[in-house]
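The sequence and the model are shown first, and the description follows.

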Amino acid sequence: MILLNEIERGLKATCRNCLETTFYNGKIRVRVEKEGKRLVLYQREFQCQDCGELKIEPYDNELMVDWLMERCACGGEFRRDKPIFCKHCKANKTELNKSEPAV
Ligand SMILES: [Zn+2]
Ligand SMILES: [Zn+2]
């Protein structure tokens, strides 16, 4: 049961190239109740390094992973340690935004 879903940091950005506005989530804190105990989980937003699609996934603070095993529908890699680019026109996509081959 999700009690509260709060976004700690978020960024609403309008692309200077295509003028589309996208809301980028920072760290999302989710309070859940499990077996009578209250737990706090974190979710982070990952971005496909090919098409720019955004995906919110649980984030394990102990493992500190910056990518997801699951690939995007386009075959790209979801990462959160790269600069965010506009998913509509990809105007600010940099050479750092590239998918690593699947292992
Ligand atoms: Zn993709
Ligand atoms: Zn754009």
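Is Lys90 buried, partly exposed or exposed? Lys90 is partly exposed, because 15 other C-beta atoms lie within 10 Å. The classes are defined by the count of other C-beta atoms within 10 Å of a residue's own: buried at 20 or more, exposed at 12 or fewer, and partly exposed in between, with C-beta atoms placed from the backbone.

## Basis of the model

This is a predicted model, in which local features need pLDDT of at least 70 and side-chain atom pairs count only at pLDDT 80 or more, while totals for chains, interfaces and linings use all residues. Residues are numbered from 1 along each chain as its sequence is written, and chains are lettered from A and ligands numbered from 1 in the order in which they are written.

The chain has a mean pLDDT of 85, and 83% of its residues reach 70 or more; pLDDT is the predictor's confidence in each residue, from 0 to 100. Among the elements, strand 8 has the highest mean pLDDT (94), whereas strand 1, residues 2-7, has the lowest (61).

## Overall architecture

The chain contains zero helices and eight strands, and its elements run β-β-β-β-β-β-β-β from the N terminus. Helices (H or I, at least four residues) and strands (E, at least two) are DSSP runs, numbered from the N terminus.

Of the 103 residues in the chain, 11% are buried. Two residues are in contact if their C-beta atoms, placed from the backbone, lie within 7 Å. Among contacts between residues at least 6 apart in sequence, 43% join residues at least 24 apart.

## Strand pairing and hairpins

Two strands pair if DSSP finds at least two bridges between them. Strand 4 and strand 5 run antiparallel and are joined by eight bridges; Val32 has Leu39 in strand 5 as its bridge partner. These two strands form a hairpin with two residues between them.

Strand 8 pairs with strand 5 in the antiparallel sense over two bridges. The pairing of strand 8 with strand 7, residues 67-71, is likewise antiparallel over two bridges. Strand 7 and strand 8 form a hairpin with five residues between the strands, in which Gly75 takes a positive phi near 95°.

## Surroundings of Gln47

Gln47 lies in strand 5 and counts as buried, because it has 23 C-beta neighbours inside 10 Å. Arg79 in strand 8 stands opposite Gln47, and Arg79 also stands opposite Trp67. Gln47 and Arg79 are 32 residues apart in sequence, yet their C-alpha atoms are 5.4 Å apart in space.

Not counting residues up to four places away in sequence, Gln47 touches Gly52, Leu54, Phe78, Arg79, Arg80 and Ile84.

## Residues with positive phi

Most residues other than glycine have a negative phi. Glu35, which is not a glycine, has a positive phi of about 50°. Glu35 is found in the loop between strand 4 (27-34) and strand 5 (37-48). Glu35 is exposed, because 5 other C-beta atoms lie within 10 Å.

Lys90 is not a glycine either, and has a positive phi of about 60°. Lys90 lies in the segment after strand 8 (77-79).
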